[in-house]
Number of protein chains: 2
Amino acid sequence: MGLQTLHSPPMHKTLIALAALTAASPALPQASAAIAAGKAQPSPLAPSEIVAQAPKADWTGIAASDLLVMDLAPDAKGKPRRVVIQLMPAPFSQGWIGNIRKLAAARFWDGTAVNRVQDNYVVQWGDPDAEDKVKAKALPEGLAVMSESDYNTIVRESLDRKRRSETSRMANGPDLGPDAYARFTGHHLGWPVAAEVIEEGASRLWPVHCYGMVGVGRDLSPNTGSGAELYVVIGHAPRHLDRNIALVGRVIEGIEHLSSLPRGKGALGFYDLAQGDERTGIVSVRLGGEVKGLPAYEYLSTESGSFAKYADARANRRDAFFIRPADGADICNIPVPVRKAK
Amino acid sequence: MGLQTLHSPPMHKTLIALAALTAASPALPQASAAIAAGKAQPSPLAPSEIVAQAPKADWTGIAASDLLVMDLAPDAKGKPRRVVIQLMPAPFSQGWIGNIRKLAAARFWDGTAVNRVQDNYVVQWGDPDAEDKVKAKALPEGLAVMSESDYNTIVRESLDRKRRSETSRMANGPDLGPDAYARFTGHHLGWPVAAEVIEEGASRLWPVHCYGMVGVGRDLSPNTGSGAELYVVIGHAPRHLDRNIALVGRVIEGIEHLSSLPRGKGALGFYDLAQGDERTGIVSVRLGGEVKGLPAYEYLSTESGSFAKYADARANRRDAFFIRPADGADICNIPVPVRKAK
C-alpha cells in the first residue's frame, strides 16, 4: 500500500487474481473485431485498467519542490513511517502555502506531534503546546496573515468558453451528476474543485474537502490559521468545510500511517494523555527538494483523454462485478490517480 | 470515543472547552426575548447541541435482538475491543440478515478473523479459509440463497402522499440538495436511503453505502453472498456499490477498533501473511440478546422534529466557527445520531 490505490469492491479473495490478470493484460481486442468474429464482447475496462493503460503523455510530473515530506516516529516494530503531501499549485491558497514553506525551512515541525485523530473526520498535527504562551514553540518570522477572502480562488475565465480544461463536470466529457454543495464540481489542474459563475465570462473555483486533502487548522473567524497546525481528511468528505477553511494540499503517499492511528479519547478526538492516549511524534518535515532519494511522482492529468475515460468508468462501473452502473459519481469518488513516475 | 460522535471542525484545542460548555448548557433564550431586550441574538445551535437538547420522545430504542456484538482479540495492551452492529429492520435485506442470525447462533465467526483492511474503503471479516475447500469452516444448515432482485426494497407508498416520513430530502423539511447517484435521498426509519418513483403511488427505496454501513461480501453475479463474509465502510461513501451489494446494518459503537487497524499489504488491502501482515482475530460474534450487560441503545428518530432541525443544521452550519453555510449536504454527511439510552 502507499500510493492512492484504486478500489475494488468487497469481493472474495479468489477474484483478486483475476482482477490483477486483467489489469496487467495488454489492450483488449476491439469490440468491433470481436463482434465481426462472432465472439462475445470483452468486458468493459475497470477504472484501474484504464489508468494502467494510460499513455505516459497523459501523466504530469509533480515537482519535488511542491512536496512536503513528513517522517513520523517509527512504528512499534521500528518501521519508518513517511507521509508525502503534494502542495497545491498557484493560485490556490498560496499565502498559507508560503507560510508552510517557511515553517518547513525553519524546522518548525521537528519534534512536534500528531495531536488529534477523530474517526471518520481528521488527523491533526502541530505543536501540542501551541496555545500555551509559555511552552509554545516560536513561529518563524515573516509569516503572512491571510484573510477569509483568500479561501476563494477567482479564475477569470468563462465556464462556457473553456469548459473542458476547467472541470470534468462542466465538460463535454462524462456527466457525473449534480452535487449537494455547489453548482459545479470537477477537476482543475489535477485537483478536485467546485465552482460557480460570478458574472459573464468569469467563474470562481475553490478546492474541496475530499479524503486525503490537507487543510489549515484555525480558531474562530477572523483567525484563518497560520499553517503551523495542519489536518488531513480521513473520513467521508466533510464538504461543509469548503470555503470555511484553507485547503493547501493532499496526501499522495503514506496516508495509512495517519488514518490507522489510534483515535483520541479526548473531546473531538484530541489525544488525552490523562486517559492513556499517546501522541505520535513527528521526527521531521521537509520540502521535497531537501530529501535525498525521494521518488518522482506524477498524476494522471485531469485534462487528458485517459482521465475522462477513467472518470466515466468510475461513474458507470461496467466491469464484471457490477450489476447496475450508478450513472453518476460525486467529485470525491473520482480520486486523481497518483503514482511513482515510470 | 465509541458511539457515533458529532464532528466539529479542525479547530484549535482552546475552542473545545467553549464548545463543550455550549453543548451542555440548557436551552438558549428565545431569540424574540433577546431582541426585545435589545441584546444580541444567540448564536444558532450546532448540530450536536440540537441532538443534546432533543427530548426523550424523539429517541427510538434499538432492540437487543437487532444487535450483533463482535468481540475482537484484545489489543496490544490487553484492552478489549468490542464492535456493536445494528441490523437493518424489515423489509430491508431480511434474507441475508436471517442468514446472519443463523451464523451467529451457530458460532460460525468465533475463531475467524479480520482479513482485509483497505484504506479509504472497507474492513472485511470472516473465515480466512472460506475459499479453500479443504480448510473452510462448514456453514450452518438452512442458509437462504438470495438473488440480486433482493437488493431493492420496494415500498409501495407514494412519495407524494407521505413525503415527510419517508426521507428528509423528499420532505417538507430542509432541502438538502441533489445527489449524484439517485433521484431522491433521505432517511427512512433511521436509515440512509435513496429512492426512485416507479409508478404512480409507488416508490422503490434502497439503503446506501455511508461510512459505517455493513454489507455482504460476494463473488461475481449471480452469487450475492451468504452473509458469512461481511465488510464495513471506513472511507468516503462508495455509493457506486449501492444496489450492487446487500447492505445489512451499521456499526453503532466501536468502529475505531476496525477503522484504525493496520492496512493490508496484499492486493485490495487483503492481509498478506507473507509480507508480515497479522490478522486480527475474532473471539466471538453474538446476537445482542445473548450478551449480558449490554447497554440499551437508541437513535434519534429520523421522523422527529429534532432530526429535521439537526439535518437542517448539518446542511447549513450557522454555529460560530462557520463563515459560509453550505446550503446543502449529501446524505452521508447527515449521520443518524445513536447513543446509549438515558
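Predicted model: local features only at pLDDT ≥ 70, side-chain atom pairs only at ≥ 80, totals over all residues.
Q: What makes chain A and chain B copies related by a two-fold axis?
A: Chain B can be laid on chain A by a turn of 180° with a shift of 0.0 Å along the axis, and the RMSD is then 0.0 Å. That is the relation of a two-fold axis. The same surface serves both copies, since 99% of the contact residues of chain B recur in chain A.

Q: How do you know that chain B touches chain A, and which elements of chain B supply residues to that side?
A: Two residues are in contact if their C-beta atoms lie within 7 Å, and by this test 70 residues of chain B are in contact with 69 residues of chain A. On the side of chain B that touches chain A, α1, β5 and α6 of chain B each supply at least two residues, and the largest share, four residues, comes from α1(B). By class, that side has 34 nonpolar, 20 polar and 16 charged residues.

Q: What makes β4 and β5 of chain A a pair of strands?
A: Two strands pair if there are at least two bridges between them. Four bridges join β4 (residues 113-117) to β5 (residues 122-126) of chain A, and these strands run antiparallel, so they meet the condition for a pair.

Q: Which strands of chain A make up the closed barrel?
A: The barrel has eight strands with antiparallel pairing, in the order β2-β3-β12-β10-β11-β5-β4-β13 of chain A. Neighbouring strands of this sheet are turned by 35° against each other on average, direction ignored. Helix α4 (residues 94-105) of chain A lies across β2, β3, β10, β12 and β13 of chain A, and runs at about 105° to β13(A).

Q: Why are some residues of helix α7 of chain A called buried, and which are they?
A: A residue is called buried because 20 or more other C-beta atoms lie within 10 Å of its own. In α7(A), residues 305-315, those that are buried are F307(A), Y310(A), A311(A), A313(A), R314(A) and A315(A). The buried residues of this helix pack against α3 and β14 of chain A.

Q: Which residues touch the most other members of the largest nonpolar core?
A: The core has 170 residues, and V123, V232 and V248, in both chain A and chain B, touch the most other members. Leaving aside neighbours within four places in sequence, V232(A) is in contact with residues including V122(A), V123(A), V214(A) and L258(A).

How values were computed: Residues numbered from 1 in each chain as written. Chains lettered and ligands numbered in written order. Buried ≥ 20, exposed ≤ 12 C-beta atoms within 10 Å, placed from the backbone. Nonpolar A, V, L, I, M, F, W, Y, C, P; charged D, E, K, R; others polar. Least-squares fit on C-alpha atoms with pLDDT ≥ 70 in both. Core = buried A, V, L, I, M, F, W, Y, C linked by C-beta atoms within 7 Å. Axes fitted to C-alpha atoms, helices over the stretch in contact; angles between N-to-C directions.
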